[in-house]
Structures are given as C-alpha cells and as structure tokens.
Amino acid sequence: MIRVTSTLSFMKFSRPEARSWRCPPAPTEVRDFHAQLPDHAPTPLTELPSLAAELGIGRLFVKDESSRLGLPAFKALGASWAVHRVLQHRTGPVTLTTATDGNHGRAVARMARLRGQRAHVFVPNTVPAQAIEAIRAENAEVTVVDGTYDDAVARAAEADGILVQDMGWPGYEEIPAWIVEGYGTLCHEIDEQLDSEPDLVVIPVGVGSFAQAVITHYRSRDSRTRLLAVEPDSAACVLESLRAGERKTIPTGDTIMAGLNCGTPSATAWPYLNNGLDAAVSISEAECAQAMHDLHAQNVHSGPCGAAPLAGLRAIRSEFGDLATVVLISTEGRL
C-alpha cells in the first residue's frame, strides 16, 4: 500500500512494504580498493544525545562526511572507484568529463589529477562561485552552462572525453553503476560502527545514485532498517516520481542544497528508489538552515545537503513510531 500526503510545509510519500523488496548485493572488492588509497580512513559516526531527546529517539547518530579522502564530501568514494575502473584497461592520456552541482565534479577532477589525466567539468549557472573555484583548483577545465543541472549533464555527455557521471540513462549504465558501488563503503562502515542495525537511515537525495547504494546495502539482505529520502521542496524529483509511479522530470528552483538541485532521477537508480525506499519527504530552505545551525551547535559542521536529513527527520518523525537507533547521513561539510 502506498500513502501520499501533502501539507502546507512539505510533501511526503510512504511505502510500508519496502523492507520486503530484495536486490542483488554490491561487489565486495570495492572496500579493499578504498583501503589502499592514501588518506583513507572511516569517517566518524557521531552520537547526538540532545537532538535524540528532542525527537524522542533512543539514540541518534550522524555519519559525518565532512572529510573523505581529503575532500569535504562522500563523493570521492564513487569517483575514485569509477575512475579506477575507467582507466583500468586504458593507456595514454584521456579527458574525463562530468556534470556537477559541486562535490561530484570536484571529486572526479581530483581523481583525474591524481591519475595524471585531464578533467572537464560542466556546472549549471546556479553553482556558487566558491564551488567552481574549488573544482578549478584541481586543474580541471570548468564550463558554466546557462541552464539547470540536467542541461549541464547533456552538455557533458556531448563533450569529447569519457563521461564519468553519477546519473544513468538507457545506454549509459556501466559507469554510474561503478559510482554507486563506490558509495557502498560508507554503509559498511556504519555496520562496523554500530552495535546493531539502525531502525532508520535518513538519506539526502539528488538524482538518487547515493540512495541506490544505501538501498542496495540494506535490501540485499534481511533487514529491519527503514530508509527515508530527503529532498528540497524546490527540486523534489524523486518524491514527485514516487507519487506518480514513474520517473518524472520536474522544473527546479534555487536552493541552498545545491548538490540536491536535480530535476530528473537517475534511470539506473529509479527501480531501487521506486521499490526500496520506505518513505520520502521534501523540506524547505528554512528547515534546512535550522538543521544546519543545530548540527553546527553539536560540532558537526555539515553543509546544507548534509543537514537535510535532520530537517527531513523532523518533518516526518511522527510517521515512524518508536525508534531505538537512527542514522543521519551528512553527505557534505562546509566548503
């Protein structure tokens, strides 16, 4: 049974039967690859007792991705594995192309630089100048596209080079799958950092590739963990697609959650999103800003995308009843 609700402040979606859906597990060699990289270390899982008390939760944790492989976001996990796979059987120089709202492009550019390759990164014109300069600092060429994230993806796909995109569509599926596999390392770390499975994991969502990795981790085995997706109310493409029962493209507006400002779910992620998510919710700019402030007060310096899970949990907390353990995944720190 699917339940769809809208209110004045947010929209939400729930699928109570999601925990019974199953998918194949991710490959196991990715963690060994990451363990061999310079600067590799598990990111912290930080307990937040005062926020747990506010929300009526037994224990609340945040997986803090503000420093991952030398970058301020989890994206290096997917980019490093995908670039490794792309270059595995190639010799000579190549150009790696991608589109980004910020962190993915910087991660691809960093991995290209470390491997002695060129990177060409396309960004929509809504990306902050600071994020663009961070990508250029990795010796990447940056093209600012007069349009949305989806427009930037289209430009990157047409450019000369090898596209390393965290979004799939028919005919472009292998590399996005490698990126998703890379993200799985984060979930294995959570398993090792907790004494038992969480009741709920809260995931910020853009095109849905990271959510696909989390869904794969829990839905490839018997698990009681529920999964909640959180999006900006100005770019809730996954929520709108879930409500419609099919993948939809929606117009997007400006948001402080730049990395979630996406108008179309990934085609390769969509079956996982459509079947494996227990719930989805959209949040406002003000709700995100408050969550970011509250996390900073707990010495967790999340950026807006990283703070979105706390805002989403607050918006939909009453839907979940008793919760002994909840994990928020803070996917980015401050630039």
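Colleague: Which residues in helix 12 meet those in helix 11?

Modeller: In this predicted model, the side of the contact contributed by helix 11 is made up of E287, C288, Q290, A291, M292, D294 and L295. The residues of this contact, taken over both helices, divide into nine nonpolar, two polar and three charged. The partners in helix 12 are P304, G306, A307, A308, L310, A311 and R314.

Colleague: At what angle do helix 11 and helix 12 pack?

Modeller: Two packed helices are described by the angle between their axes and the distance between the axes. For helix 11 (residues 285-297) and helix 12 (residues 304-316), the axes are 8 Å apart. Helix 11 is roughly perpendicular to helix 12, because angles of 65 to 115 degrees count as such, and the value here is about 105 degrees.

Colleague: Where do the buried residues of helix 6 lie around its axis, on the same side or on opposite sides?

Modeller: The buried residues in helix 6 (residues 149-158) are Y149, A152, V153 and A156, and they pack against strand 5 (95-99), strand 6 (118-124), strand 7 (141-145) and strand 8 (162-163). Around the axis of helix 6 these residues cover an arc of only 105 degrees, which puts them on the same side.

Colleague: Which residue caps the N-terminal end of helix 6?

Modeller: The cap involves a side-chain oxygen that lies 3.3 Å from the backbone nitrogen of D150.

Colleague: With which side chain does the side chain of T143 make a polar contact?

Modeller: T143 is found in strand 7 and counts as buried, because its relative accessibility is 18% and the cut-off is under 20%. Leaving aside neighbours within four places in sequence, T143 is in contact with H120, V121, F122, V123 and R155. The side-chain polar contact, at 2.7 Å, is with H120.

Colleague: How far apart in space are P176 and D166, C-alpha to C-alpha?

Modeller: P176 lies in helix 7 (residues 174-193) and, at 1% relative accessibility, counts as buried. Not counting residues up to four places away in sequence, P176 touches Q165, M167, G168 and T268. P176 and D166 are ten residues apart in sequence, while their C-alpha to C-alpha separation in space is 5.0 Å.

Conventions
Residues numbered from 1 in each chain as written. Predicted model: local features only at pLDDT ≥ 70, side-chain atom pairs only at ≥ 80, totals over all residues. Heavy atoms only, no water. Helix = DSSP H or I, 4+ residues; strand = E, 2+ residues; numbered from the N terminus. Buried < 20%, exposed > 50% of the residue type's maximum accessible area, 1.4 Å probe, protein only. Contact = heavy atoms within 4.5 Å. Axes fitted to C-alpha atoms, helices over the stretch in contact; angles between N-to-C directions. Parallel < 35°, antiparallel > 145°, perpendicular 65-115°, else oblique. Nonpolar A, V, L, I, M, F, W, Y, C, P; charged D, E, K, R; others polar. Arc of directions from axis to C-beta. Polar contact = N/O pair within 3.5 Å; in protein donor to acceptor, adjacent residues only side chain to side chain.
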